[in-house]
Amino acid sequence: MKRNSYSTAISIDTEVSTIHRFTMVGSDEKSILHQVKNYSGSRFDDAFFQVFRDAVAEFVKDNPSQSVGRISLILPDNAVALDSVNVPTMKNVAATKKALSDALSETYRNIGELKIQSYIAAQNKQYTTFSTLAVQNKILTKLYSIFSENHLVAETTTYAASASVAAVSAIDPKLKNASYLLLDIKDTYSRFVFVVSGRAAGFFHLPFGLEFLNRPRFIQEDMLFDHTMGELTVLNAKEKAKARKLSILAEDHTADYGTAIYGDEHDAAQPAAQDVDIMAVLDSLSEEDAQDPDRDGEPNDDGTSDPFTPTPGTNISTPKYMAKKTPRRLPRFMQRPVPETPEDVARENFRVFAKWALTLIAANDRITALGAPAFVCVNLPQRLSFVLDTINEEKEENGIEFRRLGADSRSPAITSHLELYGGFFPKLIHRGNQV
């Protein structure tokens, strides 16, 4: 086997905490080998890098080689930051780059810790628009060091959204220079990618995928997002603010009452108790909790506090529980008939993806100004293609067509992992999307 005929891609998927290795001999897709290693957590901390080191060592052990192996490294999307920056167009190229550097310094305070890749996305006589890609240097340094320990070198480094676009271009060469919105529906999450002239210009993730489409019953969209901890935090903050407000008012009224009894009857009337700023109360509560998180009893002379000891007749309050989240109730004119068959459920559930696609297109004018999507390219199994026929019945109202990625001749390993397959085609990855 020739060394240059052996392709390898390694990706990190923080959405499901997995490390993937894809290998292929030449262009024989039947020879693709997929290895997966799971890990705990999702952050790039010391524990992760140790797991990654062990995983790479195990990968190399399974496929030993005397020469240095060249691979493609696929970073997770949340490890990179994409942006577009407008600067005045100047006759001197160096001056334009200086303006870009100044603009980036204002955007990224830790610019010295970042590796930034930029290229001109659009230009006229007044402004030059740069598309930028930023990633922390320490992440790359540690990953490259691990590869070096195992006689590997990352010949191409990119991120998942960009590699997915390269895979689409390899599957359908007609899309190599097209502008569209890619919707890659995976098992447990989905990825949107704005594609402008064949390059990735932005991405967005949804925390649900095929398992949502395959559910036997319709699930309302607001039940798909778990904001329990955030809602509980807000509820507790409101309750603390109300309790603190009432306590302050009671103290003020007590002071007024004491003055009325024991003070001079000719004293001027005391001012009425004023309302309390809730945000100020929350800030003060946070500061007090930070300074003394164990405030369970009154402090003694020596600064210590005695543990609380209940006595007969003491009223002990029981904790309150937040009500279980229920679907939002919509007005009747906004309700659609409840689907009954599995096909109707899938059609109705796909409307959630369509709604997000239309929302993203409408809300990202800075990206669409560089190249408006001509259609939405959807990667989903053929057995679910009927959901696109239903949504396209509203093509005129939506203003865009949903097309399925024509990859029926490809193996499920490829269609389920576009980002890994795209790592086999570094020439299809735009230079602006390479780290």
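This is a predicted model: local features need pLDDT of at least 70, side-chain atom pairs count only at pLDDT 80 or more; totals for chains, interfaces and linings use all residues.
## Ground rules and overall picture

Helices (H or I, at least four residues) and strands (E, at least two) are DSSP runs, numbered from the N terminus. Residues are numbered from 1 along each chain as its sequence is written, and side-chain values use heavy atoms, with hydrogens and water left out.

The protein has 13 helices and 13 strands. Of its 435 residues, 37% are buried, where buried means under 20% relative accessible area, exposed over 50% and partly exposed in between (1.4 Å probe, protein chains only). A contact means heavy atoms within 4.5 Å. Among the contacts with a separation of 6 or more, 66% are between residues 24 or more positions apart.

Helix α3 covers residues 137–149, 13 residues in total. From its first C-alpha to its last it reaches 18 Å, close to the 18 Å expected at 1.5 Å a residue; the expected span is 1.5 Å times one less than the number of residues. The buried residues of α3 are I139, L140, L143, I146 and F147. Seen down the helix axis, these buried residues fall within an arc of 130°, so they line one face of α3. That arc is taken from the directions from the helix axis to the C-beta atoms. As background, an α-helix has 3.6 residues a turn, so residues three or four places apart point the same way.

What do the buried residues of α3 pack against? Their partners are the strands β1 (6–13), β4 (69–75), β6 (114–123), β7 (127–136) and β8 (152–159), together with helix α1 (46–62). On the other side of α3, K138, T141 and S148 are exposed.

## Three residues with positive phi

Most residues other than glycine have a negative phi, and most peptide bonds are trans. Against that background, here are a few residues to look at. H151, which follows α3, has a positive phi near 55°. S17, in the loop between β1 and β2 (18–25), has a positive phi near 55° and is buried at 14% relative accessibility. S197 is likewise not a glycine and has a positive phi of about 55°; at 44% relative accessibility, S197 counts as partly exposed.

## Aromatic rings

Rings of Phe, Tyr and Trp (its six-membered ring) pair if their centres lie within 6.5 Å; planes under 30 degrees apart count as stacked, over 60 as edge-to-face and the rest as tilted. Searching the whole structure this way finds 17 aromatic pairs. In one of them, the ring centres of Y159 and F203 are 6.0 Å apart and the planes are at 50°, so the pair is tilted. Y159 belongs to strand β8 and F203 to strand β11 (residues 199–206), so the pair ties together parts that are 44 residues apart in sequence. Y159 is buried, with a relative accessible area of 0%, whereas F203 is partly exposed at 26%.

F208 and F212 form an edge-to-face pair, 5.2 Å centre to centre with 65° between the planes. F208 is buried at 2% relative accessibility, and F212 is buried at 0%. Ring pairs also link Y39, F44, F48, F49, F52 and F147 into a cluster; F147 is one of the buried residues of α3.

K355 lies over the face of W356, at 4.7 Å from the ring centre, and the charged end of R403 sits over the ring of F375, 4.2 Å from its centre.

N349 is found in helix α8 (residues 342–363) and is buried, with a relative accessible area of 0%. A polar atom of its side chain lies 3.2 Å from the backbone oxygen of F212. Not counting residues up to four places away in sequence, N349 touches F212, L213, R217, F218 and I219.

V195 sits in strand β10 (residues 190–196) and is buried at 2% relative accessible area. Leaving aside neighbours within four places in sequence, V195 is in contact with V165, A178, S179, Y180 and L182. V195 and A178 are 17 residues apart in sequence and 7.4 Å apart in space, C-alpha to C-alpha.

How values were computed:
A polar contact is a pair of N or O atoms within 3.5 Å; within protein, one must be able to donate a hydrogen and the other to accept it, and residues adjacent in sequence count only if both atoms are side-chain atoms. A charge sits over a ring if NZ of Lys or CZ of Arg is within 6 Å of the ring centre and within 35 degrees of the ring normal.
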